[in-house]
Protein chains: 2
Amino acid sequence: MEVRNRKVVLKGFITGAPKETDMEVKEGDKIVLQLPEDAKGAVLVKNLYLSCDPYMRGRMRESYDSYIPPFQPGSVIEGFGLCKVIDSTDPNFSKEDLVSGITGWEEYSLIHNTDKLRKIATSDMPLSYHLGLLGMPGFTAYAGFYEVCSPKKGDFVFVSAASGAVGQIVGQLAKLHGCYVVGSAGSKQKVELLKNKLSFDEAFNYKEEPDLAVALKRYFPQGIDIYFDNVGGPMLDAALVNMRVHGRVAVCGMVSQHSFSDPQGIHNLYTIVKNRVNIKGFLQSDYLHLYPKFLECVQAYYKEGKIVYIEDVSDGLESAPGALVGLFSGRNVGKQVVCVSKE
Amino acid sequence: MEVRNRKVVLKGFITGAPKETDMEVKEGDKIVLQLPEDAKGAVLVKNLYLSCDPYMRGRMRESYDSYIPPFQPGSVIEGFGLCKVIDSTDPNFSKEDLVSGITGWEEYSLIHNTDKLRKIATSDMPLSYHLGLLGMPGFTAYAGFYEVCSPKKGDFVFVSAASGAVGQIVGQLAKLHGCYVVGSAGSKQKVELLKNKLSFDEAFNYKEEPDLAVALKRYFPQGIDIYFDNVGGPMLDAALVNMRVHGRVAVCGMVSQHSFSDPQGIHNLYTIVKNRVNIKGFLQSDYLHLYPKFLECVQAYYKEGKIVYIEDVSDGLESAPGALVGLFSGRNVGKQVVCVSKE
């Protein structure tokens, strides 16, 4: 059986925040839905769901010295995906298996590097959750909160981008740990979500605050023990002056810093001496040995109704460029995924 | 016996870096060299050596929310000193005892708060060393290096303000730990000292480097594991882009940031995510339980000739304002102390 394999390609390297016009949805080549005989240890997959994540911006730049190499202009964009195996020459995978891992932004992908594909057990959880709650963002929240933040019951916890893929899970884990949790987000709708659905104690719209340090002082009159930083920039600066003695800042990403070639300055770093604050950058990939424990924990919390999960599903491969771009203007509400095909 | 007790007073609160004219040497009141009968649990001391330390600038500001309260305008400046007890109503101290602790910048001081005075065992080490190598700066180096930096043999270590009171000891401890150590300083003379006397592997004059990040890349082609930061500002920014994966930055002070009301921005903080860098502010006072171990360790190193110590002694109480001011322009070579009286 021969099909046209539609795909999303990067047109060229970018400098600032990504725009829809930086990408192109193309008809793609005709392919046969069967692995060639000489393709050893490979799988051919049908892509069901694609994940839109902020780190992908780093791969759209030419010279950004990132932890993963850049995409190639003219080539298909890659990212985390949830896929169904169509054909396999790798004995670890069989037809109809569901897998998550790095795949292409296209209808079908040929994956040679099968080492990091993770087989998904059929469960009563929606498939797309494996890209969020049960995937990389959920694990980032879990590893970052428990392993980097050294949380204690009663700690005052602040989470930025709090309704996003990582933030919503951090906040709920912190509440379950007995912390007082405040989140910031960029719209009234998100603030309501944080307070009414995601069990945050308080939340505020940072776009309505003329002085972020004053806003944080209002929500944390006694100061912040843990700041889970998803944005960097002025919010990090404002949090620094509000940290308590021996406070901890986990730096997960800096989505506010669209252009790393001219990042905004952090001016309040001197406060970390007085208050003996620890600022730690981290990547979830350093903690992969905890993945099974994470899955068990978060699945149980979800099934017991202790955690809820909000995602923003856009429909069809052609919606993918817009969905990715939306991350950087905060258009998404919850974890952004693209549904290429339901099955 | 009645004497005029000369003293150094702060004329008024300052905003930028301290100037000599911010202080005044005054004749002082006539005092009797004997404790009044109603002074319970107090000691009267003769000040022999006074310590000039960068943190003192924080006490010369009105509203700087520091870890210790500001000096009072018109009142005597305080700081670490090495003193001889003249009279005592505290059973823990006797006449002729040598003590170190917080005292006044004057010839004689009446100390009510004797809790934190430390009795000095007569030894074959010069008395003034108790304000540096064996005092707060030495302990800052010891606690900061061993407790905050998590050093390993073979680590690449960078120390700024490397010939200063703290830096010179950090560098030598790091060498003794089997690290590769590079220091920065602000003059050719200091660079020579670092290389020829203080056993640094390499040293450079930061004032001669048009691009600090490029300079660090030259000295650390494979990157920095540990940055012991005594200065903050542009040097911290330059170090951040040169940190290795899992690098550690111990922030000890930010002597370059003369005016905390308008500190320079740190622009490269985003690099800590990619490289999972840990930045930790610290104060030596959190580690006081290690003080006896520190004294034993450093005294032994010194007596075995494994550590040298360089101090800059200015002569007479009237030289104290200039000596303090000199810290912020780098005029001192080694630990700056003021000799008020040799005995």
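Predicted model: local features only at pLDDT ≥ 70, side-chain atom pairs only at ≥ 80, totals over all residues.
1. Interface. Of the interface residues of chain A, 100% are also interface residues in chain B, so the copies meet through the same surface.

2. The sheet. Twelve strands form an open sheet with mixed pairing. The order is β12(A)-β11(A)-β10(A)-β13(A)-β14(A)-β15(A)-β15(B)-β14(B)-β13(B)-β10(B)-β11(B)-β12(B). The edge strands are β12 (202–205) of chain A and β12 (202–205) of chain B, and each pairs on one side only. From one strand to the next, the twist averages 15°.

3. One strand pair in chain B. Strand β11 (residues 180–185) of chain B runs parallel to β12(B), and four bridges join them. In this pair, B:Gly183 stands opposite B:Ala203 of β12(B).

4. A helix of chain A on the sheet. Helix α5 (residues 233–240) of chain A packs on the sheet and touches β10 (156–159), β11 (180–185), β12, β13 (224–229), β14 (243–251) and β15 (278–281) of chain A. The direction of helix α5 makes about 170° with that of β13(A).

5. A helix of chain B. Helix α2 (residues 167–176) of chain B lies across β10 (156–159), β11 and β13 (224–229) of chain B. Helix α2 runs at about 170° to β10(B).

Terms used: Residues numbered from 1 in each chain as written. Chains lettered and ligands numbered in written order. Heavy atoms only, no water. Contact = heavy atoms within 4.5 Å. Pairing = 2+ DSSP bridges. Helix = DSSP H or I, 4+ residues; strand = E, 2+ residues; numbered from the N terminus. Axes fitted to C-alpha atoms, helices over the stretch in contact; angles between N-to-C directions.
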